[in-house]
Amino acid sequence: MNRDTLTKSAVLGLFLSYGVLMAVKVQAQETSSPRYTFKCVSQQKGVFATTTVRPDGVTINPSLIVWKSQEFSTKGYTPKRRCEVVTDKLNTILSKAGGNPDSIRLTMGLINNLPVLCYADASKSSCDNNNVVVTLSKKNRDNSSRIMAGMLQFLVAGRGSAIVD
């Protein structure tokens with residue numbers, strides 16, 4: 001091999017190695033970013049929804065939760081306010097999980113005699129005022145296990161059947 005061919009081969013080898021390293025770095029960055037986030041949107045007058053949004057900005061349908069119940073409005077928790085609060089909590093939980101929805105754990109409990117879904121982690125496996133994600137309306141109280149299973153499916157897969165509360 002002459003000197004020019006050897007130099008060109010070495011440069012090409014370095015270039016290809018750099019390209020492979022960059023591809024690995026880009027792939028690692030992509031896998032550590034969240035698969036989606038949550039957003040509270042208005043669907044129609046008085047009805048709000050917690051939706052799932054992919055990193056490219058596309059909203060995944062159906063919504064995770066459709067907020068219709070006026071049950072908590074007298075205490076300041078209108079459907080809009082519940083949507084905003086729960087959406088923020090879900091984004092915080094997703095952030096605590098490092099953007100990995102597979103590691104999110106939920107549990108059920110009672111707070112003030114109301115059924116709630118709560119975020120569980122290594123330090124806390126039961127519900128208290130600090131880890132409540134959502135208080136269920138009367139309509140969904142008897143379906144709390146189904147609601148929790150649906151929410152977990154949505155958190156892990158980013159899609160599922162909408163929960164109407």
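I call a residue buried under 20% relative accessible area, exposed over 50%, and partly exposed in between, using a 1.4 Å probe and protein chains only.

**Entry: ground rules.** This is a predicted model, so I take local features only at pLDDT of at least 70 and side-chain atom pairs only at pLDDT 80 or more, while totals for chains, interfaces and linings use all residues. Residues are numbered from 1 along each chain as its sequence is written, and side-chain values use heavy atoms, with hydrogens and water left out.

**Entry: confidence.** I looked up pLDDT, the predictor's confidence in each residue, from 0 to 100. The protein chain has a mean of 78, and 78% of its residues reach 70 or more. Over residues 2–31 the pLDDT is below 50, and beyond near neighbours in sequence this stretch has one contact in the model. For contact I use heavy atoms within 4.5 Å.

**Entry: aromatics.** I let rings of Phe, Tyr and Trp (its six-membered ring) pair if their centres lie within 6.5 Å; planes under 30 degrees apart count as stacked, over 60 as edge-to-face and the rest as tilted. How many aromatic pairs does a search of the whole structure find? I got one. The ring centres of Tyr36 and Phe38 are 5.4 Å apart with planes at 75°, so I log the pair as edge-to-face. Tyr36 and Phe38 are both buried.

**Entry: the sheet.** My helices (H or I, at least four residues) and strands (E, at least two) are DSSP runs, numbered from the N terminus. Two strands pair if DSSP finds at least two bridges between them. I find an open sheet of four strands in the order 1-2-3-7, with mixed pairing. Strand 1 (37–44) and strand 7 (163–164) are at the edges with a single partner strand each, so one side of each has no neighbour in the sheet. Strand 3 and strand 7 run parallel and are joined by two bridges, and I see Ile65 opposite Ile163 in strand 7.

Then the helices. Helix 2 packs on the sheet and touches strand 1, strand 2 (47–53) and strand 3, its direction making about 165° with that of strand 1. Helix 3 also packs on the sheet, touching strand 1, strand 2, strand 3 and strand 7, and its direction makes about 150° with that of strand 3. For these angles, axes are lines fitted to C-alpha atoms (for helices over the stretch in contact), and angles run from 0 to 180 degrees between N-to-C directions.

**Entry: strand 2.** Why do I call strand 2 largely enclosed by the rest of the structure? Because seven of its seven residues are buried. Val47, Ala49, Thr51 and Val53 point one way from strand 2, while Phe48, Thr50 and Thr52 point the other way. Strand 2 pairs with strand 1 in the antiparallel sense over seven bridges, with Gln44 opposite Val47. Those two strands form a hairpin with two residues between them, and Gly46 in the turn has a positive phi of about 80°. Strand 2 and strand 3 are antiparallel over five bridges, with Ala49 opposite Val66. This hairpin has five residues between its strands, and Gly57 in the turn has a positive phi of about 90°.

**Entry: salt bridges.** I count a side-chain nitrogen of Lys or Arg within 4 Å of a carboxyl oxygen of Asp or Glu. The count comes to five, and I noted some of them.

- Arg141 and Glu71 meet at 2.6 Å, N to O. This pair links distant parts of the chain, 70 residues apart: Arg141 is in the loop between strand 6 and helix 3 (144–157), Glu71 in the loop between strand 3 (59–67) and helix 2 (79–96). Arg141 is partly exposed at 21%, and Glu71 is partly exposed at 28%.
- Arg54 and Asp56 have their closest N and O atoms 2.7 Å apart. Arg54 is partly exposed at 36%, whereas Asp56 is exposed at 51%.
- Arg81 and Glu84 meet at 3.9 Å. Both lie in helix 2, three residues apart, about one turn of the helix.

**Entry: two buried residues.** I find Asn140 in the loop between strand 6 and helix 3, buried at 3% relative accessible area. Not counting residues up to four places away in sequence, Asn140 touches Arg146, Ile147, Val164 and Asp165. Val132 is in strand 6 (132–135) and is buried at 14%. Val132 and Lys89 are 43 residues apart in sequence, with 8.6 Å from C-alpha to C-alpha.
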